[in-house]
Amino acid sequence: MAVKQKVVYIAACDIPDCGAVYGEDPEWAYHFDSPEAATAWVDDGTGWAKDGDRLICSADDRTHDQARMPGLLI
Ligand SMILES: [Zn+2]
């Protein structure tokens with residue numbers, strides 16, 4: 001059979017109610033073979049940040065800024 005099922009991973013922002021996934025559109029988000037590959041990719045100059053197990057997208061608002069820089073006073 002030429003069509004096969006494969007499990008893939010996407011990188012999603014961990015800020016509550018954000019819903020962002022890495023890529024232009026959730027329907028066409030980047031797909032990775034493992035969670036580690038997804039986090040490594042978005043943590044390498046994409047504007048996303050990794051804080052422990054959390055991923056924080058590049059959204060420019062107070063909640064995201066404080067998550068990226070916990071000591072920042074805004
Ligand atoms: Zn976000």
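Biologist: Is cysteine 13 buried or exposed?

Modeller: This is a predicted model, where local features need pLDDT of at least 70, side-chain atom pairs count only at pLDDT 80 or more, and totals for chains, interfaces and linings use all residues. Residues are numbered from 1 along each chain as its sequence is written, and side-chain values use heavy atoms, with hydrogens and water left out. Buried means under 20% relative accessible area, exposed over 50%, and partly exposed in between, with a 1.4 Å probe and protein chains only. Cysteine 13 has a relative accessible area of 10%, so the class is buried.

Biologist: Which class does cysteine 18 fall into?

Modeller: The relative accessibility of cysteine 18 is 28%. Because of that value, cysteine 18 counts as partly exposed.

Biologist: How many disulfides are there?

Modeller: A disulfide is a pair of cysteine sulfur atoms within 2.5 Å. By this rule the count is 0.

Biologist: Which residues coordinate the zinc ion?

Modeller: Donors are N, O and S atoms within 2.8 Å of the metal (3.2 Å for Na, K and Ca), and sites may look incomplete because water is not among the atoms. Along the chain, the donors follow the spacing C-x4-C-x38-C-x6-H. At 2.1 to 2.3 Å, the zinc ion is coordinated by Cys13 (SG), Cys18 (SG), Cys57 (SG) and His64 (NE2).

Biologist: What is the geometry of the zinc ion's site?

Modeller: Four donors count as tetrahedral if all angles lie between 85 and 135 degrees. The angles among the 4 donor atoms of the zinc ion are 100 to 115°, and the site is tetrahedral.

Biologist: Where is isoleucine 56, and which residues does it touch?

Modeller: Isoleucine 56 lies in strand β2, residues 54-56; strands (E, at least two residues) and helices (H or I, at least four) are DSSP runs, numbered from the N terminus. Isoleucine 56 is buried, as its relative accessible area is 1%. Contact means heavy atoms within 4.5 Å. Leaving out residues up to four places away in sequence, isoleucine 56 touches Cys13, Ile15, Trp48, Ala49, Asp51, His64, Ala67 and Arg68.

Biologist: In what order do the elements of the chain run?

Modeller: The chain has 2 helices and 2 strands. From the N terminus on, the order is α-β-β-α.

Biologist: What share of the residues in the chain is buried?

Modeller: The C-alpha trace spans about 55 × 20 × 20 Å along its principal axes. Of the 74 residues in the chain, the buried share is 23%.

Terms used: Tetrahedral: all angles 85-135°; square planar, octahedral: opposite > 155°, others 65-115°.
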